[in-house]
Amino acid sequence: MEPLGWGGILAGIALRFLPVWIGLAATFAISIAFKRRLGLYGKIFDSTVGMIGLGMVLFWVFTALFAGMIATHDPLAVVSGMKNAKLGSPLPEGFAGYPHYLLGGDNLARDVFSRMVMGAREVLKIAPAATLFAFMVGITLGLPAGYFGGTLDMVLSFLANLVLAFPVILLFYLLVTPEIVETGIPVIMAAVLFLLPILFLVLLWNSRYRVAPMQRNVLVAVTLVVGFWLYAGLAFDADPLGLISMPANLLIVFVSVVFVNAPTVFRIVRGLTLDIKTRDYVAAAQTRGEGPWYIMLWEILPNARGPLIVDFCLRIGYTTILLGTLGFFGLGVSPESPDWGSTINEGRRLLSVFPHPALVPALALMSLVLGLNLLADGLREESLRD
Amino acid sequence: MLKFLLRRGGTMLLTALCLTFVVFFLTNLPPNLEKLAKSEASVRMSDADVASWIERNGYGRPILVRYGEWLGVVPGWTNTEADGRLRGRCVDRAPVPAEAPAYCGLLQGYWGFSTFFKAPVGDKLGYHLGLTGILMFWVMMLMVPASLLIGVLAGMREGSRTDRVLSTFSITTTATPEYVSGVVFIVFLASPAGFQLFKGSAASAMDGPTFENFFLPVLTIALYGIGYIARMTRASMTEVMTAQYIRTARLKGLSFGAIVLRHALRNALIAPFTVIMLQFPWLLNGVVIVETLFNYKGFGWTLVQAAGNNDIELLLACSVVAVFVVLVTQLISDVGYVFLNPRIRIA
């Protein structure tokens, strides 16, 4: 079989991404058709920058979803003779399956293209979830700090500044080590950090439906049952049903990323709360005799959503960069893992001779983060308009 | 002002103590000490031997006492071996054991002994910090003028073509972490696959930095910061350009150049100053990545080696330096902000 030329490689890749193109086209067609009824999400389609950003982000989201269909080979499979193979190299005769390594092979003779595609799944599994947790933690602590002020604010702000004064890389080197996993510190940190999202939701429902006990009880009960089921599975790896589990090395990565991001979210939420609590509608709610948590969660928080949504997009990008940094230093992830950071780390040793194994995931990571930044920019522009 | 400085100083000291204690605690966990015992004495030690080694070498004392020892506010441990030899934290390095000082810690200028370098931490850290100092100097020389220029050019005419091109450039650089841009630069500018203009390794720059071996690491660190600072400068510049006094200057008939240089620039540069200062902690990150990527044996490389080789005292020293840099830049940014902006006065 002949090696593919540049045209053949590009055509092959475009064809493999077919499910992604279909998904993108469908999403854009439906969203543009109904953009007036979709609120802030629909407004993205009024800004070119926002649309480009959303397109790039969705590209990787669909890639992660359909990774099994897109990948040409098993990301861990080794094919003899394909070590550091050039782009578009054919597989040896008589090999079943896809006949080419579209983007070449790495130094262990694995397919670079498939590893990149599978890496998208690894990254998008952790980054948005970790960011969401960081936001829940930051919001649950930032709202009371800004609203009540006083000693609570002082203590929490000091703690947040303490974490922020830590150089991130040093924190990772201290936290993400096998020795720390041995001592059980990550489980304790997870136990504390993961409790806050449950607390957040319970407070949210309780403050809203306090006057309708039936509805409140149902919502709180559902939150508690589902919350503690996930809590047991994620933090202690003790899911009674055996469905949810998190390996110890992944848990410490997740916890440290949440730990690094939460103080910044805390500061943003605290600042917004300090600003919004002087507004008239807050005074009106106070005069009505609403409780402090109702005011914080149902009056202040919805009015702070604009900057928070923008920061959420930026922060997913930042988290992706952090995860890549962890992979780059070989911290916390298994060496086999196809995630982009560790693939770059593996490829950099032979960078000047065989650039493609490191370059492909590097460009993938860059395009995802760039997409998130552009999306945030578009959202900021559109939310400032009204 | 004095009261503000005192309060800031107090908070800083408390923060520094808390942070170093956290680092001390995390580096001195039982598994780390076990590993240290096995690497220092013998790999094939039994658990009982490990426990006795830890006890004999002063690692068995309570963590707070040992933190005090390390700081130099608690007398160092002493021990009489089975053969009657006196040993101890301060005794081991004193020429005459009997005359050893009681205290030897950070306050006495003793940073500990590095098991990785097989030399006192203080001697080695200075050399490697110096190398990073050179790197940071050139990063600043490239980053600050470039980012301010881009920000001011983009912000003086909001929405123009220049603005859009420069803003896209800044967004792209903020989306490119150092380990990505470094890889891209090496592939395209320093390997046979692209143009071989530079060297892909900065190892030779440790003896004599030249444009050829030093530009890529400097550019890689600076690039990430450039985008961020430029965006802040642009935001602050566009805000200033819509202010009343700029309109007045325009109505007076001043030229556009004079308005930008004399009226807008000074006010627009207050916000970026804070950002540049607060960028230091992130630059520290960049330093670690770039020094690993380009094989430049500076501070970041030392930190990676200390962490990777379980060199407790070296890692502690690195953290002290890192924490010091972060806290001092925070202070400078606060104080500088007050000086630059006469409208803000601190009670």
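Leaving aside its neighbours within four places in sequence, which residues is Phe17(A) in contact with?

Mentor: Please keep in mind that this is a predicted model, in which local features need pLDDT of at least 70 and side-chain atom pairs count only at pLDDT 80 or more, while totals for chains, interfaces and linings use all residues. Residues are numbered from 1 along each chain as its sequence is written, chains are lettered from A and ligands numbered from 1 in the order in which they are written, and side-chain values use heavy atoms, with hydrogens and water left out.

Once neighbours within four places in sequence are set aside, Phe17(A) is in contact with Phe59(A), Thr63(A), Ile70(A), Phe113(A), Met116(A) and Val117(A), where contact means heavy atoms within 4.5 Å. Phe17(A) also belongs to the largest nonpolar core, which has 179 residues, and is listed with Phe113(A), Met116(A), Phe172(A), Phe194(A), Phe329(A) and Trp340(A) as touching the most other members. A nonpolar core is a set of buried Ala, Val, Leu, Ile, Met, Phe, Trp, Tyr and Cys residues joined through side-chain atoms within 4.5 Å, and buried means under 20% relative accessible area, with exposed over 50% and partly exposed in between (1.4 Å probe, protein chains only).

Helix α18 of chain A, residues 356-385, supplies the largest share of this core, 15 residues; helices here are DSSP runs (H or I, at least four residues), numbered from the N terminus. The core also draws on chain B, taking at least three residues from each of domain 1 (31-118) and domain 2 (122-346), and these domain bounds come from an automatic or database domain assignment. Apart from this core lies another, of 21 residues, including Phe135(A), Leu143(A), Leu203(A) and Leu272(A).

As for the two domains of chain B, their centres, taken over C-alpha atoms, are separated by 41 Å, and the contact between them takes 14 residues from domain 1 and 16 residues from domain 2.

Within chain B, helix α7 (residues 178-189) packs with helix α12 (residues 280-294) at an angle of about 35 degrees, their axes 9 Å apart; axes are lines fitted to C-alpha atoms, for helices over the stretch in contact, and angles run from 0 to 180 degrees between N-to-C directions. In that contact, α7(B) contributes Glu178(B), Tyr179(B), Gly182(B), Val183(B) and Ile186(B), whereas Trp282(B), Gly286(B), Ile289(B), Val290(B), Leu293(B) and Phe294(B) come from α12(B).

Note on methods: Helix = DSSP H or I, 4+ residues; strand = E, 2+ residues; numbered from the N terminus.
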